[in-house]
Amino acid sequence: MSEETSNRTDVDKALLGSATYRSLGEQRLSPREERFEKARRTTGLWLAPLISVVFLLLPLDMPADQQTLAGVLLGVIVLWVTEAVPIPIGGLIGVAAIVILNVVPPDTALEPFGSSTIFTFIGAFILAQAMLKHGLARRFAFRILALPRLGQSTTGVIIAFGLITAVLSAFVSNTATVAMLLPTAIGILSVIAKLLQERGLVESNFDPLRLRVGAAIMLMLAYGASVGGLLTPVGSPPNLIGRELIEEATGERISFAQWMGMALPICAVMFVILAIVLLLLNRPEIKRIEGVAEYVARQRAEMGPLSRAEKNTMIAFGITVTLWIFPGVLAVIFGNDSAVYTEVSERLDEGVVAVLGAGLLYVLPTTWRDREFTLRWRDAAEIDWGTIVLFGTGIIFGSLLASTGLAETLGNGASDALGLSSGVTITIFAVLLAIIVSETTSNTASASVVVPIIIPVAAAAGVDPFVPALAATFAASFGFMMPVSTPQNAVVYGSGAVPITTMIRSGASFDVLGAILIMLTIPTMVAVLGLGS
C-alpha cells in the first residue's frame, strides 16, 4: 500500500466521528491558520477573566445579582468566541461561577437542564446517528442529488435544500426540522467530499469538516429553518410567545392567515439574502458537479436494497416525524387556540417524541436470534453530548436574564439613555435588543424577555406597542452568530462542519441585514394588512 493511499482520508469515518470542539492537534491547519488559532485561543484565557473581574468591580447602580450575572456572562461569551476552552466547558464554567458567586442556588441554576429542548437534542442526535451508521442518510442524499438539474451544481443543491428546510420549518419545530434533515445534509457533504477526493481537487489527507461547501450546507440548514419558522404562528416558539403578549397588551389577535400574509414577503426576501450572502462568504470548492449522475447511480447500485437496520431506522424516523408534524396539522385545521390542538401538542411534546423515536431503535431488532437491535448503547454514547451541554448552559443564562431582572434593567436603561419617544426609534431599539439578547440566549428566551420590556416602553412614550412588539418577536428568531442563539444553530454546530469563526462571520452579516429588513417591512406589512390601531 502506497504512503498516499494509507494517508487517504476516510470521509465517512471523519464525518461520523465528528465533534463539536476539536483541539488544534485534531485539525489539519495551514501554518497561517494555526498561528491565528493559537493567538485567538490564548487571548481568551486571559481576556475572559479580566473582563469579568473588571465588570464586577465597576461601581454600577444595579442590584448585585444582576451585576454578577452580567460580569460572568461577558466572560463566558469571550470563552465561546475565542474557544480558549472547549465551548461546552466554557458554559459550564459560567454556570459554576454564578452558583459560587451566589447569584442563584445550584438547584435553580441547573433546573433548565431538564428542558424539553435538551431531550429533543438527545433523541434527534440518536436518530441521526442511526441514519448515518446504517447509510440511510446517504440514500436520502443520493435521492436529492438524482433529481433532474438539481444535482448538477453545488449552488442548486444548497438552495434547494434550504427551501425544503424553510417550508418544513413553517409547520414543524425548527429544531425538529433541522434534526431530521441533518443526516441528509451530512450525506450530501459526504458525496461532494468524495467527488472532490476522486478528482484530485483536494489533498489525499484532507479534512472534510473544513470544506467551505460543508459550512454552506450546514448554515443554510440552520438559517433556512430560522427564516421558514417565521412563516406561521406555530413555526417557532417566539411567534406564539410574542403573539400572545401582543394580544394581552393591545387586545388584537393576529389570525393564522394574517400572520402568514405579513411574514411571507419577509421570509421570501430574507431567504434570497441568505442564499446570496451565504454562498459568497462560503464559496463552495466546486461549482459544477459534473458526472454526479453517473457517480450517484454507481453508488446507489453498490448500496443495494434496504437492509433491515435501514428499514428499522426509517420506521423510527417516520413515526417521530409524523408525531412532530401532527400538532401543526391540527393547528391548521382547528386553529392553535383550540382545545384539540392544546391537548395534543402538550402530550406530543417534541422532546418526548424525540426520545420515544430514539427508544424504538433499541426495540426494533436486526437479528432476533442474537438479540441484536438497530443500535447499541455504544452508538448513543458517541453522539455529540457537547452540543447538548452547550445549549443547556445557554438556556440557564437565558432564564437567569429574565428571573434576575437583568434583561429588564438593560432594556429600560438603554431606553432612558436613548430617549426613545417615537414609534420608529422604539421599533429600531426593539429589533436590536431582541437580536442582541437572542445571540447570548435562545430565541425563545429572547422573545420572553424582550417583548415584555418593549410593550411598557412604548406605552410610556404614548406609542402603540403593536409594531415594536411584533418587530421584536420576529427579530428574536434572527440570532445567527452563536451556537447558543437557537437550537438549530447548536444542532448544525454539533456536526463539526461549521467552525465558530465561520458561524460568527456569516451570522453577523445576517443579523445586520435581517434587522434592516424587519425595521423596513414590519411597519409596511402591518399597514397593508390593516393591523394594529
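A residue counts as exposed when its relative accessible area is over 50%, and as buried when that area is under 20%. The model described here is predicted. Its protein chain holds 25 helices and two strands. Of the 533 residues in the chain, 55% are buried. Among contacts with a separation of 6 or more, 79% join residues 24 or more positions apart.

- N102 is not a glycine, yet its phi is positive, about 65 degrees.
- N102 sits in the loop that links α5 to α6 (106-110).
- The relative accessibility of N102 is 63%, so this residue counts as exposed.
- R371 is another residue other than glycine with a positive phi, in this case near 55 degrees.
- R371 belongs to the loop between β1 (365-367) and β2 (372-373).
- With 47% relative accessibility, R371 counts as partly exposed.

**Helix pair α4 and α5**

- Two packed helices are described by the angle between their axes and the distance between the axes.
- Helix α4 covers residues 64-82, and helix α5 covers residues 87-100.
- The axes of α4 and α5 come within 9 Å of each other and cross at roughly 165 degrees.
- An angle over 145 degrees counts as roughly antiparallel, and α4 and α5 are therefore roughly antiparallel to each other.
- The crossing of α4 past α5 is right-handed.
- On the α4 side, the contacts come from L69, V72, V76, L79 and W80.
- On the α5 side, they come from I87, G90, G91, G94, A97 and I98.

- Helix α9 runs over residues 154-169 and has 16 residues.
- Buried residues in α9 include T154, G156, V157, I158 and A160.
- F161, G162, T165, A166 and S169 of α9 are buried as well.
- α9 packs with helix α11 (residues 212-228) at an angle of about 25 degrees, and the two axes are 7 Å apart.
- That angle makes α9 roughly parallel to α11, since angles under 35 degrees count as roughly parallel.
- α9 and α11 make a right-handed crossing.
- From α9, the residues that meet α11 are T154, I158, F161, G162, T165, A166 and S169.
- From α11, the residues that meet α9 are V213, A216, I217, M220, L221, G224, A225 and G228.

**Helix α12**

- α12 spans residues 237-250, which is 14 residues.
- From first C-alpha to last, α12 reaches 20 Å, close to the 20 Å expected at 1.5 Å a residue.
- The buried residues of α12 are P238, N239, G242, R243 and I246.
- Viewed down the axis of α12, these buried residues fall within an arc of 125 degrees, so they line one face of the helix.
- G251 follows α12 and has a positive phi, near 80 degrees.

- T320 is part of helix α15 (residues 308-334).
- The relative accessible area of T320 is 1%, so T320 is buried.
- Apart from neighbours within four places in sequence, T320 contacts L127, V353, A354 and G357.
- Y341 is located in helix α16 (residues 339-347).
- Y341 counts as buried because its relative accessibility is 13%.
- Y341 and F326 are 15 residues apart along the chain, and their C-alpha atoms are separated by 9.4 Å.
- D511 lies in helix α25 (residues 500-529).
- D511 counts as buried because its relative accessibility is 8%.
- The C-alpha atoms of D511 and I436 are separated by 9.1 Å, although these residues are 75 residues apart along the chain.
- Not counting residues up to four places away in sequence, D511 touches I435, E439, F478, G479, F480 and M481.

Note on methods:
Residues are numbered from 1 along each chain as its sequence is written. This is a predicted model: local features need pLDDT of at least 70, side-chain atom pairs count only at pLDDT 80 or more; totals for chains, interfaces and linings use all residues. Side-chain values use heavy atoms; hydrogens and water are left out. Helices (H or I, at least four residues) and strands (E, at least two) are DSSP runs, numbered from the N terminus. The expected span of a helix is 1.5 Å times one less than its number of residues. Buried means under 20% relative accessible area, exposed over 50%, partly exposed in between (1.4 Å probe, protein chains only). The arc is that of the directions from the helix axis to the C-beta atoms. Axes are lines fitted to C-alpha atoms, for helices over the stretch in contact, and angles run from 0 to 180 degrees between N-to-C directions. Angles under 35 degrees count as roughly parallel, over 145 as roughly antiparallel, 65 to 115 as roughly perpendicular and the rest as oblique. A crossing is left-handed if the near helix is turned anticlockwise from the far one by less than a right angle, and right-handed if clockwise. Contact means heavy atoms within 4.5 Å.
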